[in-house]
Amino acid sequence: MLRRTTRGIAGVRDIFGRLGLIAAAAFTLAGCDSNTAREIRVVGSSTVYPFTTAVAETFVNQGGGRRAPVVESIGTGAGLKRFCEGVGWEFPDIANASRRIKKSEYQLCQANGVGEIMEVQIGVDGVALAEANNGPRLRLSKQDVYLALAANPLGKPNAARTWRDVNPSLPAIPIQVMGPPSTSGTRDALVELVMEPGCAAADPQANALKAAKDAAPYDTRCKRIRDDGPYIDKGENDNLIVQGLAANPNALGVFGYSYLEENIDRLHGVPIEGVTPTYATIADGTYPGARPLFLYVKKRHLRAVPGLADFLTLYTTMWNPKGKLTQRGLIAAPDALRAKSAQIVAQRAALDPAGLH
Amino acid sequence: MSKSLVPQLPTGPKEPDAKGSWRAPTDWTTHAMQKRIRRRYGAERRFRFFGLAAVSLSAAFLAFLLITMVANGWRGFTRTDVALPIDFPASGMLIERAQLRTPAADLALAGAGLENAVKGAAATAFGPGGEEFISENAWLRIRDAIKADPSILDRKMRIDVPASTEIDQAVRGDGNAEAKATVAKLQQAGALSRHFNLDFLYESDSTDPVAVGIWGALKGSLLTMAVTFLIAFPVGVLSAIYLEEYAPKNRWTDLIEVSINNLAAVPSIIFGLLGLAVFLGSWNLFGYQFGPLLPRSAALVGGLTLALMIMPVIVIASRNAVKAVPPSIRDAALGIGASPIQVVFHHVLPLAMPGILTGTIIGMARALGETAPLLLIGMRAFIVTPPGGFTDPATVLPVQIFLWSDEVSRGFVEKTSAAIIVLLVFLLAMNGLAIYLRNKFETRW
């Protein structure tokens with residue numbers, strides 16, 4: 001007993017002694033360097049994430065001892081909010097966005113002293129509606145999608161339970177659409193590109209409401225997605241939707257085109273207005289769900305953050321139709337647009353806020 | 001010993017009991033009595049059955065988890081290599097040999113167009129489209145080979161490089177017909193080989209599933225855990241000792257006790273918000289703006305946040321361990337003239353150590369598996385290089401698993417399972433350490 005205890009004392013004293021030493025070392029480390037040169041920081045859309053990470057990886061693999069960029073996938077809305085919180089080492093340099101920055105977001109940036117920002121379109125993506133290969137082979141119009149998914153189509157709560165309720169020419173299978181949550185840019189794009197035009201087609205009052213000063217009635221009628229079951233929120237994890245479609249052949253899934261391309265042996269795209277989502281239809285804009293993908297860059301960080309300008313230049317070399325990013329599922333923008341984006345990067349041209357809404 | 005303590009056998013009425021009445025012996029053979037006995041045995045059997053069922057159910061879930069993980073994950077530890085013949089002199093790369101021994105070697109080789117040279121070599125070797133058979137990061141392997149031995153630039157070589165995801169999947173009998181035909185062709189040429197993928201344990205995150213590794217996340221977890229331990233253990237143990245040995249028992253200490261017990265049950269996401277506000281937030285004090293104290297995504301911030309989370313667990317476990325030390329040990333030590341602090345550090349703490357360590361390691365295991373608070377402080381990030389220190393951007397094992405499960409490429413499915421296996425092994429090692437320490441320091445009296 002006595003021997004045990006004495007050994008215990010020595011042991012405990014030793015442990016505490018060492019702990020103190022290591023803790024002291026850790027805090028000296030922590031205190032020293034937060035303000036010196038830091039790595040590039042990118043936040044935002046999960047749709048742009050695979051492309052920005054691919055560029056980040058190439059950026060490091062090119063050598064030259066660059067610090068690895070840090071890319072966080074938190075959704076377009078959350079990303080732009082963090083981006084606009086201010087300038088300085090603790091704020092991100094680039095925001096990935098799967099939609100254009102809103103005027104309110106730009107104003108937030110200005111209120112926080114972010115200053116000029118650059119808008120670089122990196123390519124195009126399609127909001128694809130897809131079903132399993134053994135699915136019902138639906139062919140939908142924007143109006144069908146709107147009537148099936150809106151919370152209040154034509155101003156009344158949505159009572160449609162099967163696709164036939166929406167359009168008599170469709171089969172009587174239950175409406176089940178798995179998609180991303182409300183923080184997602186993909187869902188915003190679905191609303192903007194499919195639901196709103198569908199609303200305009202289905203509802204004669206839509207245009208009048210849109211022009212009205214009070215946006216709330218238009219939003220509830222045309223933009224809100226139903227939450228009574230048929231629209232299934234699957235979170236930001238698009239692979240869960242892919243797995244869900246494989247398990248449930250009657251369901252449709254909503255995700256970025258790259259996921260459809262990767263799983264093309266299991267899934268196929270649902271034609272909207274007769275146009276199937278493919279590389280060609282999205283690239284030339286005939287597919288209704290085509291949308292641009294953007295990077296937003298703080299001009300004031302360009303000189304302060306080492307390598308940021310190189311990173312953007314590298315991005316411009318990788319977004320060509322035969323480039324590395326297209327292999328990862330990005331759809332290259334038309335030539336003229338790519339040239340314009342490359343010019344913005346080269347000349348560090350700032351975004352003109354007049355065109356935003 | 002008085003006679004009344006000896007139990008009476010129900011053999012028959014021999015003497016009156018205290019009240020003076022005769023008690024009839026129990027007749028075990030009657031129908032009612034037999035039924036009662038059967039019921040009692042039945043209850044016994046049922047209880048055993050339910051207990052066994054409960055254990056079997058948990059064992060079945062555990063077995064299901066382990067079997068699916070191992071079945072999916074073992075393939076994540078293997079890799080298909082393609083033997084790529086490459087003719088360096090014919091590739092036309094202009095490389096300054098002297099630079100290959102300097103830190104600028106990577107830049108020089110990348111600048112010389114090694115990536116395209118490797119793709120070209122694949123196209124020559126396997127026909128048009130051959131560059132699709134090798135991984136996008138295959139040129140990094142060749143870069144390392146050149147750096148290790150620059151003399152290979154003067155000759156033709158066959159170098160094993162990782163195959164692309166499509167080929168890798170097709171080798172496993174998964175994937176499209178075209179890829180399978182390619183694999184058959186390559187196998188005939190003897191160009192394919194399968195290896196244990198040691199790189200998985202040395203590399204960091206990548207966008208290419210054949211090039212990813214777990215080391216970046218594992219190192220991030222180790223750094224985070226180190227910070228958590230260094231903060232939570234001393235603070236937790238000292239609070240426990242103070243509360244148990246020194247603090248007066250009054251309303252205030254009761255309040256503290258209740259608060260600690262409550263904190264132990266607070267959801268981890270709330271600690272994430274706390275960490276975000278305290279370590280990464282900025283606030284105005286006396287007209288001065290105080291910026292964030294620490295950089296985002298750093299292991300230091302993660303460790304501090306998790307330390308806040310597991311501290312209550314350690315305090316509770318340590319208090320129980322200190323409480324379990326018999327008072328006679330304290331009395332004896334005080335009796336031979338030890339000061340209170342000597343009593344605590346020479347006698348109570350060593351005896352309580354096994355319990356304290358067990359509690360600490362259980363808390364650490366919880367912290368190791370935690371994702372929610374770390375998402376908020378920016379450790380959910382893609383980082384190509386492993387963290388170099390406590391303030392470098394880092395990610396941790398469970399977050400890495402979460403990130404890979406969300407990746408587009410299907411090659412990540414088995415990598416996710418492989419990462420889960422690494423996490424489980426790490427947890428197993430920690431729990432093993434807990435058992436070892438407990439047995440080593442345990443004292444019986």
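**Chat: two chains and how they meet**

Student: Let's start with the interface. How many residues of chain B are in contact with chain A?
Tutor: In this predicted model, 42 residues of chain B are in contact with 37 residues of chain A.

Student: Which elements of chain B supply the touching side?
Tutor: Four of them each supply at least two residues: α3 (105-111), α9 (215-246), α14 (340-368) and β6 (381-382) of chain B. The biggest contribution is that of α14(B), which gives the most with six residues.

Student: And by class, what does that side of chain B have?
Tutor: The side of chain B that touches chain A has 23 nonpolar, 14 polar and five charged residues.

Student: You listed β6(B). Which strand of chain A does β6(B) pair with?
Tutor: Its partner is β2 (residues 70-73) of chain A, in the antiparallel sense over two bridges. There, A:Glu72 stands opposite B:Ala381 of β6(B).

Student: New topic. How is chain B divided?
Tutor: Into domain 1 (81-195) and domain 2 (215-441). The centres of domain 1 and domain 2 of chain B, taken over C-alpha atoms, are separated by 45 Å.

Student: What does UniProt place at residues 218-434 of chain B?
Tutor: An unreviewed UniProt entry puts the feature "domain: ABC transmembrane type-1" there. In the model, residues 218-434 of chain B are 71% helix and 4% strand, and the end C-alpha atoms of the span lie 20 Å apart.

Student: OK, B:Val325 next. Where is B:Val325?
Tutor: B:Val325 sits in the loop between α12 (299-323) and α13 (327-335) of chain B.

Student: Buried or exposed, then?
Tutor: B:Val325 counts as buried because 21 other C-beta atoms lie within 10 Å, and the cut-off for buried is 20 or more.

Student: What does B:Val325 touch, leaving out residues up to four places away in sequence?
Tutor: With those left out, B:Val325 touches B:Val348, B:Leu351 and B:Ala352. B:Phe402 is another matter: 77 residues apart along the chain, the C-alpha atoms of B:Val325 and B:Phe402 are separated by 43 Å.

Student: Now the largest nonpolar core. Which residues touch the most other members?
Tutor: That core has 167 residues, and A:Met195, A:Tyr296 and B:Ile310 touch the most other members. The largest share of the core comes from α12(B), with 16 residues.

Student: Which residues does B:Ile310 touch?
Tutor: Not counting residues up to four places away in sequence, B:Ile310 touches B:Thr228, B:Ala232, B:Gly363, B:Met364, B:Arg366 and B:Ala367.

Student: What about α5 of chain B? Which of the residues are buried?
Tutor: In α5 (residues 138-148) of chain B, the buried residues are B:Ala138, B:Trp139, B:Leu140, B:Arg141, B:Ile142, B:Arg143 and B:Ile146.

Student: And what do the buried residues of α5(B) pack against?
Tutor: They pack against α2 (49-61) of chain A, together with β1 (78-87), α3, α4 (114-126) and β2 (156-162) of chain B.

Student: Over to chain A. How many helices and strands are there?
Tutor: Chain A has 16 helices and nine strands. Of the 357 residues in chain A, 46% are buried. Taking contacts in chain A with a separation of 6 or more, 75% are between residues 24 or more positions apart.

Student: Why is β7 of chain A largely enclosed by the rest of the structure?
Tutor: Because five of the five residues of β7 (residues 252-256) of chain A are buried.

Student: Which strands pair with β7(A)?
Tutor: One of them is β4 (residues 117-132) of chain A, which pairs with β7(A) in the antiparallel sense over four bridges. In that pairing A:Leu129 stands opposite A:Val254. Strand β5 (residues 177-179) of chain A also pairs with β7(A), in the parallel sense over two bridges, and the bridge partner of A:Met178 is A:Gly253 in β7(A).

Terms used: Residues numbered from 1 in each chain as written. Chains lettered and ligands numbered in written order. Predicted model: local features only at pLDDT ≥ 70, side-chain atom pairs only at ≥ 80, totals over all residues. UniProt positions renumbered as here; feature names shortened; annotations may be inferred. Contact = placed C-beta atoms within 7 Å. Nonpolar A, V, L, I, M, F, W, Y, C, P; charged D, E, K, R; others polar. Pairing = 2+ DSSP bridges. Domains from an automatic or database assignment. Buried ≥ 20, exposed ≤ 12 C-beta atoms within 10 Å, placed from the backbone. Core = buried A, V, L, I, M, F, W, Y, C linked by C-beta atoms within 7 Å.
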